[in-house]
Structures are given as structure tokens and as C-alpha cells.
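Visitor: Hi, can you walk me through this model? I'm new to reading structures.
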Amino acid sequence: MSPLLALLYSISLLHLSHATTSPQVQTLNTDQPDQVLMVNPKLPPKNTLSDSKKFEGSSDLVNLRYHMGPVLSSTPINIYLIWYGQWSQPQKHIIKDFINSISPSAKAASPSVSEWWQTVSLYTDQTGANVSRSIIIAKEYTDARYSHGTGLTRLSVQEVIATAVKAAPFPVDHKNGIYLILTSQDVTVQDYCRAVCGFHYFTFPSMVGYTLPYAWVGNSGKQCPEVCAYPFAVPAYMAGGGPGALKAPNGDVGVDGMISVIGHELAELATNPLVNAWYAGEDPTAPTEIGDLCEGLYGTGGGGGYIGQVMRDSQGRTYNVNGRGGRRFLIQWLWSPVLKACAGPNATD
Ligand SMILES: *[C@@H]1O[C@H](CO)[C@@H](O)[C@H](O)[C@H]1NC(C)=O
């Protein structure tokens with residue numbers, strides 16, 4: 001190589017190495033190493049739900065109290081998963097990879113889904129037993145023929161569970177069991193999009209045969225992504241000018257948006273399964289729970305239109321935790337009983 005060429009070559013190398021070590025860039029130790037940026041995008045406000053209890057940051061005024069009921073402390077927590085309506089295999093894989101990333105045995109780089117669940121396992125019952133750190137999918141049931149139609153009410157969600165329990169060999173799992181019903185994007189549910197993106201409660205013996213905690217979450221991709229898949233979709237009035245929606249980590253706005261809602265509901269189910277354990281506020285019919293307190297917060301410095309510091313990969317996809325198999329997810333923070341603040345594993349302070 002001529003001296004001049006060598007010089008040019010080393011200059012271009014310098015240039016390259018500068019690009020990969022600039023202070024904004026941080027590389028995580030993942031299977032496929034790529035450039036990861038830390039970002040804290042300011043976004044247009046979410047079309048807030050009518051009963052949104054979003055609480056930003058931390059406060060001594062938040063009086064999250066224990067009301068003497070049980071938490072999900074048996075290990076592992078067994079999820080009985082009900083797929084209602086039309087679900088593709090790739091969609092199912094994203095959701096199952098998320099659930100299977102919660103347990104400590106899941107292999108994932110930090111900040112991980114399992115580190116995120118550690119905040120949940122800080123909650124205990126009156127015997128001192130912590131919420132379990134392990135969650136498994138015990139059984140799955142597919143209700144592809146919409147056994148109760150494409151419009152469900154809060155009560156008919158329990159009929160869907162009853163149908164699944166009768167049709168599938170779902171054991172009556174009083175000790176560790178919870179149900180998780182996921183509805184496809186063509187299914188409407190009472191209060192969906194207007195007041196809720198998901199909910200949790202417990203089944204009634206008259207409907208299902210016994211009392212078990214359950215949660216429902218819908219795929220909002222067609223009905224209201226700007227509400228329930230925010231920040232992967234933002235309100236239409238912001239279109240043209242202003243910041244746009246963030247890119248979903250697994251390329252499916254509806255399903256990637258569901259992940260944070262599933263995380264929210266599972267965290268609340270685990271700490272308040274019979275709605276008599278951990279919640280703030282004096283009204284048990286409208287409890288403010290550990291997910292409600294941190295809705296819309298995904299990283300350090302969130303609040304006031306900012307979601308907080310999260311990561312963006314080289315393809316522009318936004319996330320804040322790693323899951324198994326190289327998966328990435330964006331999940332909201334949860335209220336920590338120790339810090340008395342919203343907490344997540346991607347905190348930078
Ligand atoms: C159980 O909860 C207590 C109280 O929050 C906490 O100090 C402890 O670290 C928790 N244990 C586990 C295994 O999470």
C-alpha cells in the first residue's frame with residue numbers, strides 16, 4: 001500500500017471507530033451484537049383512558065397498602081393460556097417468548113424480562129411469602145371458532161374460560177393456576193379501548209365452577225392501537241409534523257403493544273389476585289395497583305410526554321428489556337415497594 005493510501009485507509013478506520021464509540025452508542029451483549037442507542041423520545045400524549053390512573057415518577061403520597069389477602073407465592077405460577085379468535089404462529093411466538101422470559105432460568109442479557117419481574121417478587125403476603133419468580137405456560141387452548149361470538153362482555157369472558165375448562169383437560173389448579181385470555185384483533189370486549197386495554201379479576205363458582213384469578217388482554221392492532229399499543233401507534237391528529245410512533249421491537253404493532261399490557265396485568269394478578277392484597281386507594285372496586293401507578297413509564301427520565309430512556313437498535317426498533325432467544329420487548333415499569341417509586345431493570349440512575 002502506498003503511504004498516501006495507507007494514510008487514507010487509517011483515516012477512514014479512525015472515522016469508523018469514532019462512529020462506533022461515540023458517547024451516545026452503547027453495545028449490549030446479545031447474540032447478534034448491533035448498535036444500540038439510548039433515547040428518550042418525547043411523544044404526543046396518549047389518548048388517555050377515561051379511568052387512567054397513570055402516576056408519573058415517585059411520591060410519598062402514593063399509599064400502596066397491603067389488605068391481608070394472598071399473593072401468587074406458589075412456584076411456579078401456572079398460566080392456562082386461551083387464544084380466542086384468529087392468531088398466527090408468529091404472533092403466538094412473540095407472546096409465549098415474553099411469558100417464558102419471566103423466570104430466572106430464561107437466558108437473556110441484562111436488562112432482562114426476568115430482572116423486570118424481580119420488582120414483582122418484592123411483594124409478600126402476611127406470612128412473609130414472596131410472589132413467585134417463576135411463571136410457566138402450563139397448558140394452551142385455542143378457541144378459533146369464537147365460541148361466545150366476536151363481542152364479549154366482562155362476564156362472557158368468564159364463559160370463555162368455562163368453555164375452555166370443559167373442552168380442554170385444564171386441571172383445576174387452585175394452588176398455582178391463573179388463566180390468561182387473549183382475544184384477536186377482530187374481537188370487541190366491553191369497555192375495551194374506551195376504559196381498558198386489559199383487566200384482571202377472578203372467576204365465579206357459578207360461572208366457571210370455582211374461583212381462580214384470570215386476566216384478559218386484547219390485540220388492539222385494528223381497534224385502537226393509539227390507545228392500547230401506544231407508543232407504537234400515536235393519535236392520528238399528530239400525523240404530519242411532530243414526533244411519530246416508535247418502531248415495534250418484533251414488527252407487530254398490535255402484539256408488541258399487548259406485551260406491556262400483559263406484563264401489567266400479570267404483575268397485578270400476582271400481587272392482588274383476589275383484589276384484597278396490594279393496592280392503593282380506599283375503593284376496592286377501583287383499586288390502583290402496581291402497574292397502574294407506572295403506566296406509560298418505560299425508563300429513567302420519563303414523565304410529561306417522555307416515556308423515559310429506552311433503547312433503539314440499528315433498525316430503529318425500540319425496546320427496554322431482553323428476552324429469551326434474542327427477543328426484545330418494551331414493557332412499562334412497575335411500582336417498587338422498596339424504592340417507593342416506579343422501577344425497571346433499564347434504569348440508568
Ligand atoms: C421478598 O420480599 C422482601 C420484601 O420486599 C425482599 O426484601 C426480598 O428480597 C424478597 N425476596 C425475593 C426472593 O425476591
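Guide: Let's begin with a definition. A residue is near a molecule if its C-beta atom, placed from the backbone, lies within 6 Å of it. Keep in mind that this is a predicted model.

Visitor: OK. Which residues surround the ligand?

Guide: Ser121, Leu122, Thr124, Asn130, Pro337 and Val338 surround the ligand.

Visitor: How many of the residues in that shell are nonpolar, polar or charged?

Guide: Three are nonpolar and three are polar. The shell has no charged residues.

Visitor: Now the whole chain. How many helices and strands are there?

Guide: The protein chain has seven helices and 17 strands.

Visitor: And what share of the residues is buried?

Guide: Of the 349 residues, 43% count as buried. There is also a figure for contacts. Take those between residues at least 6 apart in sequence: 71% of them join residues at least 24 apart.

Visitor: Let's pick a strand. Is S4 mostly covered or mostly open?

Guide: S4 is mostly covered. Eight of its eight residues are buried.

Visitor: Which way do they point?

Guide: Ile77, Ile79, Leu81 and Trp83 point one way from S4. Asn78, Tyr80, Ile82 and Tyr84 point the other way.

Visitor: Which strands does S4 pair with?

Guide: S4 pairs with S5 in the parallel sense, over eight bridges. Seven bridges join S4 to S7, and these two also run parallel.

Visitor: Which residues are bridge partners there?

Guide: Here are two examples. Tyr84 has Asp143 in S5 as its bridge partner. Asn78 has Gly177 in S7.

Visitor: Which residues of H4 are buried?

Guide: Val157, Gln158, Val160, Ile161, Ala164 and Val165. They cover an arc of only 150° around the axis, so they sit on the same side of H4.

Visitor: Why do residues three or four places apart point the same way?

Guide: An α-helix has 3.6 residues a turn, so residues three or four places apart point the same way.

Visitor: What is on the face turned away from the buried side of H4?

Guide: That face carries the exposed residues Leu155, Lys166 and Ala167.

Visitor: And what does the buried side of H4 pack against?

Guide: The buried residues of H4 pack against several elements, including S4, S5, S7 and helix H5.

Visitor: What comes in the loop between H4 and S7?

Guide: Phe170 is in that loop. Phe170 counts as buried because 20 C-beta neighbours lie inside 10 Å, and the cut-off for buried is 20 or more.

Visitor: What does Phe170 touch?

Guide: Leaving aside neighbours within four places in sequence, Phe170 is in contact with Tyr80, Lys139, Tyr141, Ala164 and Val165. Phe170 and Tyr80 are 90 residues apart in sequence. Their C-alpha atoms are 7.4 Å apart in space.

Visitor: Next, H7. Why is H7 described as largely enclosed?

Guide: Because 19 of the 19 residues of H7 are buried, H7 is largely enclosed by the rest of the structure. H7 reaches 28 Å from its first C-alpha to its last, close to the 27 Å expected.

Visitor: Which peptide bonds are cis?

Guide: The bond from Ser110 to Pro111 is cis, with omega near -5°. Pro111 is in the loop between H2 and H3. The bond from Tyr230 to Pro231 is also cis, with omega near 5°. Pro231 is in the loop between H6 and H7.

Visitor: Last topic: phi. Which residues have a positive phi without being glycine?

Guide: Met68 is one of them, with a phi of about 80°. Cys193 is another, with phi near 80°.

Note on methods. Residues numbered from 1 in each chain as written. Predicted model: local features only at pLDDT ≥ 70, side-chain atom pairs only at ≥ 80, totals over all residues. Buried ≥ 20, exposed ≤ 12 C-beta atoms within 10 Å, placed from the backbone. Helix = DSSP H or I, 4+ residues; strand = E, 2+ residues; numbered from the N terminus. Arc of directions from axis to C-beta. Contact = placed C-beta atoms within 7 Å. Pairing = 2+ DSSP bridges. Nonpolar A, V, L, I, M, F, W, Y, C, P; charged D, E, K, R; others polar. Expected span 1.5 Å × (residues − 1).
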